[in-house]
Amino acid sequence: MKLHTLAVAVTMGLMTTSVLASEDVAALEQRINELEQRVAQTEQVSTEANEKASSFEFHGYARSGLLINDDLNGATGTGPYMTAAGAIGAPIGRLGVEDDHYVEANLIHKRFADDGSSALFRIMLADSTETNNEWTASESQLNVRQVYSELNRLSMFSESEAFSEATFWAGKRFDRDNFDIHFFDSDIVFLSGTGAGVYDVQMSENWKANFSIYGRDFGEIDSSSTDVENYIATMNNRIGQWQVMLSGMTSADNDSRLNGAAESGVHAMFTYHGDNFFGLSEGFSKTGMLVGSGLGAELKGIGSNGDLLDDAKAVRLFSYGVTRIGDNWRLAPALMAEHSQDRLKKNDEFTWASLNFRLAQELSENFEMVYEGSLQYMDLDNSTEQASGGFYKATIAPTLKLSTSTGFFDRPELRFAVSYVDWSEDLNGYSISTEADAATMGEGGEVLFALQMETWF
Amino acid sequence: MKLHTLAVAVTMGLMTTSVLASEDVAALEQRINELEQRVAQTEQVSTEANEKASSFEFHGYARSGLLINDDLNGATGTGPYMTAAGAIGAPIGRLGVEDDHYVEANLIHKRFADDGSSALFRIMLADSTETNNEWTASESQLNVRQVYSELNRLSMFSESEAFSEATFWAGKRFDRDNFDIHFFDSDIVFLSGTGAGVYDVQMSENWKANFSIYGRDFGEIDSSSTDVENYIATMNNRIGQWQVMLSGMTSADNDSRLNGAAESGVHAMFTYHGDNFFGLSEGFSKTGMLVGSGLGAELKGIGSNGDLLDDAKAVRLFSYGVTRIGDNWRLAPALMAEHSQDRLKKNDEFTWASLNFRLAQELSENFEMVYEGSLQYMDLDNSTEQASGGFYKATIAPTLKLSTSTGFFDRPELRFAVSYVDWSEDLNGYSISTEADAATMGEGGEVLFALQMETWF
Amino acid sequence: MKLHTLAVAVTMGLMTTSVLASEDVAALEQRINELEQRVAQTEQVSTEANEKASSFEFHGYARSGLLINDDLNGATGTGPYMTAAGAIGAPIGRLGVEDDHYVEANLIHKRFADDGSSALFRIMLADSTETNNEWTASESQLNVRQVYSELNRLSMFSESEAFSEATFWAGKRFDRDNFDIHFFDSDIVFLSGTGAGVYDVQMSENWKANFSIYGRDFGEIDSSSTDVENYIATMNNRIGQWQVMLSGMTSADNDSRLNGAAESGVHAMFTYHGDNFFGLSEGFSKTGMLVGSGLGAELKGIGSNGDLLDDAKAVRLFSYGVTRIGDNWRLAPALMAEHSQDRLKKNDEFTWASLNFRLAQELSENFEMVYEGSLQYMDLDNSTEQASGGFYKATIAPTLKLSTSTGFFDRPELRFAVSYVDWSEDLNGYSISTEADAATMGEGGEVLFALQMETWF
């Protein structure tokens, strides 16, 4: 009996154990089954949400604000190209002197294929107005500045060393590899127009090259059979930290549009992209030279100026960098200088040099004092009249932003700015244009007050 | 043996049990391990999708439709400001009389920082055309009405009682705290322009205030050294259910732009925001008064009218509300009245009062009959000519929408409307403007048919 | 003792087993509990992300490129409507001859209600420019071409056989059921304007119908009391594979706007939508006829031409299809022909027929050669002058795209194209318009080079 009892007890115990265990385990198994199904569904939803065949992106740039002169009127005629030399591309420091409402709104559609290739489509709407009122229809400049498509990593080139990472494009665009000195509001090169090309062709291990053709128009388009266009062929190379960009251009019949105008041109840019601040400290710096002749003598907007003479020649130097000084200060010096001659009239000759210092003092995570000092030397001879002298600007701008520690390029910024601008009397009333009604520099010695926002994203 | 057998049996049973259990459990454990990994991944994907550092939003308003007169021609010159007094801001009920295609499209970019602060950027494109054709380039008014940035809950103010919830802004915008009487298509105040300010400064427990500076332009902008601008400083207070808004403005040299025009002004608004329908029933109601003098005598568009005389004075009263009557009816009465003098000419004097009743009868979840009766009394003296009398409008509009039960402000609405408009003969051909070619009221007594959509989101 | 030992052993074994099992199981149970909570949360986040009450969509069409003639100038006056008959809607094959930058950008907002009904709002911005430069403000055509709202599957009709799937709309739009022959850049019908209607009324099992009213403007809109408008009532039926569209229109006082102009019109379209290539192979084909008189004699843009005479009559035939030939070739032939008389002048008479062959040879997944041959026969008599003859175009276009195997309608495409265009000498200098300064065909025999992108999404 005892044995029997024991056996029963053991059996019951076992049974109980195994019953309990199997009930528990079966219940758990059931719950795990359900969980696996739910997780699989959630994963699928989540994956589908992330592996979309297409996507939308919104990117933009904008600045807007009030600019007030010392008579408490709206300031006009100011901006980074406000000097006489501004007409040929000489900038001054932009902080606190821009009086326009400028917007770029990019609407981007991407399409992704299963083989890893993809397509991008972009339109950019842009506008620039000066009125501070909100209904701007009567002076609206709203227009489509870019409309192009790109094809990336096409599978037909997946085995090609040269083209496996290449991007093909066509349409109207700003060239992808344009770059600027933000503090001058000046691109180093601003290649744009309508055309086609290929980016990121791997020429060798350290050498990538872009090949592009751009067309631009000189003068009005009409329905007659002839429109003068300028066709620009560009090769843009990145070899290590060096960038070498070579462009040639031809514009048939431009001489018939404007007597004496060039019908061809060449342009070259050499730039060193430093990953520190001139070898002195952390940050970055970029230094280089541009040269051009004929239609290529418009050094920034390559091929955009159809009025250049056949003999036009220009050379431009630039250097700028960004670094930290101590814990709470940042410094960004910039230099740009150009000499050109036989530009718009035989024997005209223009020399200018712009020097700018932007300094920021971080007072909290959201507040900084920004200082800018800007100088420009001009020696201008438009073949009938000469003037030379200097332009001076000093600005102080208390600034709010989300993160001062992120540096000079964190946006949006909300700022108040006070600037003093003045220039040599010799420059008063001077204009590079020889036309009678050309805008001139006017007289200097003015205080400007600004309430501004600037953003990009 | 038996014992042995038993022991074996027990052992085997135990072994079996434990083998089974551990196999099962181990398998389950393995499945749970895998599930945990998968859930963690899904959570991360899901979290990343929701904790984006930036976002895009699209918001808009639009109305578009056909407006046909009783000769089966396109109706023109109609709308909420169609009466003679409309030129100085007197509205009539809008239902069934608007003949324009008006669009506002807001593209918004938000950026979120880890510390809880955030930034907002908005551009608003707007357009207004009258043609019913689809290619509207020749009469397009497409323009950028707003472009501004905001910074919210900056961490530097997280310890500040006054500024911890504040929003700083700069750029071109409609003031955030503008509000309207929808049925009149009239803002109570419409403060706008370019400037900067701070919202939601906590002055005390029940008192929040906004401080803003706006600039506006009078006349054309040109590149001469002087543009006449009006600078408006505003303090907008919310104390419990009361809103008190005080504005002062100054426009240097406006008198030199237009002889006799004011160079300064003051403006005040007092409003009670009721959270029920005048204490009578559920709903809401808003009642208040606006006063202004000089440049402040343009009571709605604060500081927007540079032609006001220095002696200009105006006072405006308004009241409106929205409530339910029984299960299927809704009512929205609205009143606005103004007296002004010495406005554009010495001794001009204008009095008007607009009364409007909007009534909706919900016939199903998607269909309602909307009725509107509108009256306007005018007593107008532009200093050379006088006229007085009344304007009358009655409209019935069968309307489709997603949810009639959501009330007056659910959109989109698709509607057909028939209106009868008429006015006192004394007003025929009268215009507030004293210029020879000014548009006049014409003759009354017309039936208008409308096929319209209206939406906002 | 042994028994005792056994019992202990058994008990210990049991205890161990059950302790182990219950510890394991309890731990697993705990992990499953946690997992269930996490999965529930993730599901909710994921569900909320997918069951949004509203959504944004971006859709568009764009083409942009360089078009260069054999003098290396910008080609002008080219395009699918470049022939004399183009003025009355006669297209030629579009490949390689379009010289404009054309963009359509649709911003769409959808709202979803819990009861399954939904609303859609669309604005379409469009632009068309010819300059290849990027700042196009001076010739911008940017405008709002569409602005409308739709209500879908309203719950009040959920029990209705006719209206349960219907869509109601109002505003300014392109009719939803317009369709085109892409290769001609020509719609078969392009009904557009401002109005209201209902789509997809289920008349019987195989018969769906749309009912719409559209208004269009003839001439300029001004603020006088009368604007001449054309009101078009349309019934558009789909009965199996047949589409029968019937339109009537009336324009009061159009004769007073332009002496002799029609004040009414009728229009009909009959189309067979084949789901294979003319019964011969896979693909699709569409074949049909359009007829109209009076204001209905503008067969494509229904009701859009207010200058048509009361006696105007026109009939148009069309047929096109798309198929594969073998593994790597695709073919798309298209035909369109029209005869019209008493159109703009008493006794004018115009006959034209356009024939086009588009052929694509798929050389890899991303590259194809596209060929197009296009003919147009014209016999034109504008009542004062006659001309007849043919237009000929041949184009070859190496093309890059994401997926050649997807067929003719996969976009974006990046293409280079060379075309030769020529026409009968008899047509040189001929214009359908009898006005002195009307644009004419000029002289033929030209080679055109194109670098283009085209996309839609």
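Buried area is the accessible area (1.4 Å probe) that two parts lose on being put together, summed over both. The model here is predicted, so local features need pLDDT of at least 70, side-chain atom pairs count only at pLDDT 80 or more, and totals for chains, interfaces and linings use all residues. Residues are numbered from 1 along each chain as its sequence is written, chains are lettered from A in the order in which they are written, and side-chain values use heavy atoms, with hydrogens and water left out.

Q: What makes up the area buried between chain B and chain C?
A: About 5,800 Å² is buried between the two chains, and carbon and sulfur atoms give 68% of that. On chain B's part, Glu134(B), Trp135(B) and Leu402(B) supply 13% of the area buried against chain C, more than any other three residues.

Q: How many residues does each chain bring to the contact?
A: Chain B brings 68 residues and chain C brings 73, where contact means heavy atoms within 4.5 Å.

Q: Why is the meeting of Arg111(C) and Asp410(B) called a salt bridge?
A: The term asks for a side-chain nitrogen of Lys or Arg within 4 Å of a carboxyl oxygen of Asp or Glu. Arg111(C) and Asp410(B) meet at 2.9 Å, N to O, so the pair qualifies.

Q: Why is Asn73(B) called buried?
A: Buried means under 20% relative accessible area (1.4 Å probe, protein chains only). Asn73(B) has 1% relative accessibility, so the residue counts as buried. Asn73(B) lies in the loop between S1 and S2 of chain B, and its side chain reaches the backbone oxygen of Asp227(C) at 3.5 Å.

How values were computed. Helices (H or I, at least four residues) and strands (E, at least two) are DSSP runs, numbered from the N terminus. Buried means under 20% relative accessible area, exposed over 50%, partly exposed in between (1.4 Å probe, protein chains only). A polar contact is a pair of N or O atoms within 3.5 Å; within protein, one must be able to donate a hydrogen and the other to accept it, and residues adjacent in sequence count only if both atoms are side-chain atoms.
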